[in-house]
Amino acid sequence: MSAGEPPINSPEIRRLAPVIEPGHTYGTVTDKISAIVLTRPASFGWFAGFTVTFAMVMVLTVSLAWLIIKGVGIWGINAPIGWGFAIVNFVWWIGIGHAGTLISAILFLLNQKWRTSINRFAEAMTLFAVACAGIFPLIHTGRPWMAFYMFPYPSTMGIWPQFRSPLIWDVFAVSTYGTVSLLFWFVGLIPDLATLRDRTVSKPKQIIYGMLAMGWRGSARHWQRYQSAYLLLAGLATPLVLSVHSVISFDFSIAIVPGWHTTIFPPYFVAGAIYSGFAMVLTIAIPLRKAYDLEDFITMRHLENMAMVMLATGLIVAYGYFFEFFMSSYSGNKFDVFLVQQRLHGPYNHYYFALILCNILTPQLLWFQKMRTNVPVLFVMSIIINIGMWLERFVIVVISLTRDFMPSAWGRYSATAWDYMTFAGTIGLFVMLLFLFVRVLPAISIAEMRELVAETSEEHK
Amino acid sequence: MDGMSESEYNHFPMHHEADSHDEDRAEDLTLREHPLDLAAVRAKLQSKSGKQYWRTLEELADDPHFEQLLHREFPRQASEWDESVDRRDFLKLMAASLAFAGLSGCQANVQTNIVPYVKQPDGMILGKPLFFATVMPFGADAVGVLVESHEGRPTKIEGNPDHPSNLGATDAFVQASVLNLYDPDRAQTVTNLGEIRTWSAFLDGAQASAAEIKGANGAGFRILTGTIASPTIADQIQALLKLYPQAKWHQWEPAVSDGAREGGKLAFGRYVNTVYRVEKANVILSLDADFLASGPGHLRYMKEFYRRRKLDQYAEIDRLGPEMNRLYVVEPTPSVTGSSADHRLPLRASEIEQFARALAAKLGLGGDGTLSPAAGKWLDSVAKDLQKYHGSSLVVAGEQQSAAVHALAHAINAALGNVGATLYYTEPVEVNPVNHLESLRELCADMDAGKVNTLVILGGNPVYDTPHDFDFTSKLRKVRTSVQLSPYFDETSEHCQWHVAESHYLETWGDARAFDGTVSVVQPLIAPLYHTHSAREVLAAFSDKPGVTNYDSVRDRLKTANPSGDFEKFWRKTLNDGVVADTAYAPLGGISSKFNPAGLPAAKPAAAEELEFIFRPDPCVYDGRFANNGWLQELPKPVTKLTWDNAALVSPATAEKLGLTHSVAARGGEHGQIISNVIDIALSNSKVSAAAWILPGQADGVVVLPLGYGRKKAGYTGTNKGFNAYAVRASSALWVAAGGKISKTGADYPLACTQYHFNMEGRKILSTGTLEEYNKNPAFAHEGDEQPAKSDSLYKEFAYPGYAWGMAIDLNSCNGCNACVVACVSENNIPVVGKDQVMRGREMHWIRIDRYYKAETPTNDPSTNEHDALANPETFFQPVPCQQCENAPCEQVCPVGATVHSAEGLNDMVYNRCVGTRYCSNNCPYKVRRFNFLRFQDWETPQLKLLRNPEVTVRSRGVMEKCTYCVQRINNARIEAEKQNRPIRDGEIVTACEAACPAEAIVFGNANDPNSRVAKLKAQQRNYSILGELNARPRTTYLAAVRNPNPEMEKA
């Protein structure tokens, strides 16, 4: 693509599996990827999966309707524990939403060729995860219909949001991140939408893809503008990857609650977000490449690289856990000391131990190449890490609130069926959107894959 | 209200019909079935000239169905029934429907018009409350109150500072009594065998009976009442007894023992009333007496007691005595009084008498008591201390104690020279003191023998609260004509022929004597909401003068008692003051104890292994009469912090022996739900199942069975809550019962406990010390402080140029009596959320009272082997309202600015700006914010709408709320002050909690004014902030608790 990248045949990379299996031409790449959308009939598995996830979305609808009718009291939250599943899920989903933009933007700027075949669906995943995340801050409020108070609109009363509150920062951080991710994704899709427009034989599809392709003709000028726009957006998205979860971590670190009030949170949250995001990309990529025979494009090289990113971020997270523990104990602050003791000995210690097992111990297997290249192991591990990251948010958000300053006000939290249904519903929504996505948009960037074919075939001449 | 025209009070016409909902829906359907006739519409339009307005085309078309629809008042209301209503909503709706049914059914659908005042009554400004003095009769006492009235609706009760029984203080019962007035479950009409009857039908029936009774010379006519302290009722009953010479008057008060009465008889040969002068006592010994929290005069005693425990000198509240008093308490179960004790000794109830005997012996009165060596040693020191303060000590015997203990207390007080100094005796306050148990026994025997033809039960619920071995219910069936007057259609009403709905004290004229004999007039604030009547009217119905009104009887009696002078002037002054001047009984002269302790029969020493069961009135529902009061049901009981249930209380060691434990539930946890074991109690030939509760500080081997729960017919709120301790209460063991058995059933029961964690975890939350420590270092509360610099904040400090509202709470004076909590609920329209929500940790009280134990070895689990630490821990209470921080963590995190800092330092809540993120609550270190997780307010029940304070927003769901320092009262005072162009004076603003507090523990005012009471308190060295190291800089500060232990016992 651009000059200055390390030659693809450098010895370091050669040792690894290829980023695209040899033997592919422009035509085969385009055929194979566009076929998923245009020609291959939807399989039974697709319909089964879609039905199940659609049913889960209905569960979400019912849960939200009941929530609006009755109020947040249908959840398990209570007086000392004002935030429960809703905020845990929000942070978890936003974390998952990190991988897409990271892969697309940061790896793009770093010229990591292997990002090409995974960036599209990773970005889609990001968008869907942000959509799922975005539900929660809205519905967790007591009066969601008044949530527009959090936006700086020109109120006739002359009232503004309270800008000292991290929740207001959240509003900006998440909405900016969502908007830029959507734009970035859409810009990247334009050449592929044109391909679909050109290849489909159905009139309605031609019209829809045609409109979405925005008149793309593939001229050199188009390519030139496209590439600079993409590069600019990548540059814009990169700081957002780091900022959005930093800002979300401020929700906690700005507050004075022991267990929340700590300066390590921004980097620790970002690392955790990337960790869980890559885990989710793996969770999706592994069945996807299997179902649509995309092993040629999403090769072992991709899986192994993602495993290595997980290992690296996992270690940062472990460092975070350790220093949270160390600093709390070292500070001598009696509330912080008490907090870490509660993590180990309190009524919720099994959550903490499970979290250590999932997030710190299990990923140590990734030091071994055998494990990194073992697809079932990677799949299971990716799910374990996702569970672990959810537990991490639960430990931070909920358990810190159960026992803070006033022992007389200590309490406990237990989620209700509605909490679980809402959470399951967003998982259903996320997967359902992915199901729809693979059927209507190219899950792998055709244009970029063709470029990759050109580059790799040059090497093989 | 007698003497007032009805229309003046009828601002709230309710002319719904109970069954209108279904008709409405039918109406709706018919409308839909008739399609709109467009041609008719056009024709109509053409036929009209000029501008025409119409609501719908149907109206324009003059559709008769639409006309009909318009005439229905709330056609859409019918949709309520389409929705699935849950049980709670259903019951609310049913309550509302019943209320409508009552109103419409009885008033024969008379539509009354409402009209504005043509001439505004003198002194009445719409929107401004008026205050009227009245009294709340309660047992052998009457509490003077000032009732706030908004346009004729009583909404809030304050104490009357001029009344001798409370000097302006109130307790939880008094505060909550206004809710009873508006209780939608109240009985509303006269019924005969459950069928609604008119009052005149009852009068006819009563007069017919009266004629018959007259014929029989009164034989077979019986009256059953509780304790009567009303002179007019007493006169009426006496007149009836004169009219019907063979009639009899029986009395039964389930929660007051005969011990005090009979003790007086033992000591003096006659019934007396004992009045304490607590403020004069330097050393007080309580023999299981909860004299600060219950019994006649307790509000005054509390005020006087804590005035002797103030460690400061400022204008209004002056320490009356030369030194801080000292309190010794011997009691089987921790009480409010016991928690204030400087030395507390847990003894089994049966050992209290031994203790009193031993004390009498020690003081040289003869007799002897057997005590354990440790208790004996304790007693030696106490006796020495009492003797040291000869003439300024006081021994108080408990309401539930036996006649012997009371007689011993009389003898001991006489020996200590206290009579006439720290206590005096008067004529009994109750009009006809009798032994209630014997009186009831006689009635039951007579009923059983068929000697009772007509029984009139005036207020009281004997089917529920009489000893089970009397089997009152089946005996009641043998009575031909039974009449019950009670505020609810309760367990007894079901078995009575006639039931007359009783008027609330705020609805009817009356009178009552206070604990010292002072007479007060009960002045009604509102015309009876329903067709209710008073005991006077029921008694009159059976007399030869059936038409006498309450008003006349009260006035006439006063006129007779005060024949000289201008009666009208006197009457007006009496009503205005709320007390009839100079009517307190004079101390009885020439009375001396003739009691010889040696003459007491030898008491059998209690077997140590045997369990001892004691019965106590519940601190929240009393004997069961407040069972349907949601405010009281949801009020955490002072020591146990349980709500909505009673439980069998056992000590940690006894629990261990019986294998009883608690576990903290995952939902709600320590701040909500504790799972306890269910036990079967077999006692006095009866049995009952109860939840067990482990209570630190209780005497081992004692099981407390609180009365007042397990009601079967109390109303929506009170029915089937807790267990019925009356079921195992026999006449032979009314207060203390031995020989019972406890067996664990294996079942568990969830209890709603608002504070299970009682260990401070080494944090500086509640600071305590001894007088010695205080004298050595008055700033002992600040030892080890880590108060950061004021400037340690990112944000600029606020300047408070004008007022800076602040509060100081003297922990030395708080005994957790809960008056402030209910006062706050009443003032601020705080909703009742129900047991389920309390168990989820969602109770809404703006001020809570935290209870902490101070033990040698800190532990938080009363059910482990570490119970020794909790055998007799010191108990401390701490009221926690919003701390109104100057550097408030809540304000900084609210995304919408719904909680903002006022120029005077309040953390204001802007309810309609709040979106409900609950971030403020998470960030509040004191956890004083309360969130409306669901719609907790009752918006449907019309009666409850009348109850609300119109000056305080009724919060909806999804909104955060908290203590505002009664900002409505601040603003009222500000308006008054600005009108007069002067600053607000100190003491002009009294918050609801401060006004209610009998101990004067809470002081509110302007901290910027160095002369204000609050500034002086805050200037004291023992003034500290909870968790000062957080630098939130609370405006609510605390004065460390200082106990005054006996140095001699400390050393030992």
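B:Lys641 sits in the loop between helix H22 (630–633) and strand E20 (642–643) of chain B; helices here are DSSP runs of H or I with at least four residues, strands are E runs of at least two, and both are numbered from the N terminus. This is a predicted model, where local features need pLDDT of at least 70 and side-chain atom pairs count only at pLDDT 80 or more, while totals for chains, interfaces and linings use all residues. Residues are numbered from 1 along each chain as its sequence is written, with chains lettered from A and ligands numbered from 1 in the order in which they are written.

Most residues other than glycine have a negative phi. B:Lys641 has a positive one, near 65 degrees, and B:Cys966 has a positive phi too, near 50 degrees. B:Cys966 belongs to the loop between strand E35 (960–961) and helix H30 (967–979) of chain B. A residue is called buried if 20 or more other C-beta atoms lie within 10 Å of its own, exposed if 12 or fewer, and partly exposed in between, with C-beta atoms placed from the backbone.

| Residue | Phi | Other C-beta atoms within 10 Å |
|---|---|---|
| B:Lys641 | near 65 degrees | 23, buried |
| B:Cys966 | near 50 degrees | 26, buried |

As for chain B as a whole, it has 33 helices and 39 strands, and 57% of its 1052 residues count as buried. Take its contacts (C-beta atoms, placed from the backbone, within 7 Å) with a separation of 6 or more: 75% of them join residues 24 or more positions apart.

One bit of chain B worth a look is a right-handed β-α-β unit made by E6(B), helix H9 (residues 231–243) and E7(B). Right-handed means that, with the strands pointing away from the viewer, the path from the first strand over the helix to the second runs clockwise. Strands E6 (residues 221–225) and E7 (residues 248–251) of chain B pair in the parallel sense over four bridges, pairing being at least two DSSP bridges between strands. Within that pair, B:Ile223 stands opposite B:Trp249.

Where chain B meets chain A, 49 residues of chain B are in contact with 43 of chain A. H28(B) gives the largest share of chain B's side, four residues.

Over in chain A, helix H10 (residues 265–291) has 27 residues and reaches 39 Å from its first C-alpha to its last, close to the 39 Å expected at 1.5 Å a residue (1.5 Å times one less than the number of residues). H10(A) is mostly covered, with 20 of its 27 residues buried. After H10(A) comes A:Asp293, with a positive phi near 50 degrees.

Notes. Contact = placed C-beta atoms within 7 Å.
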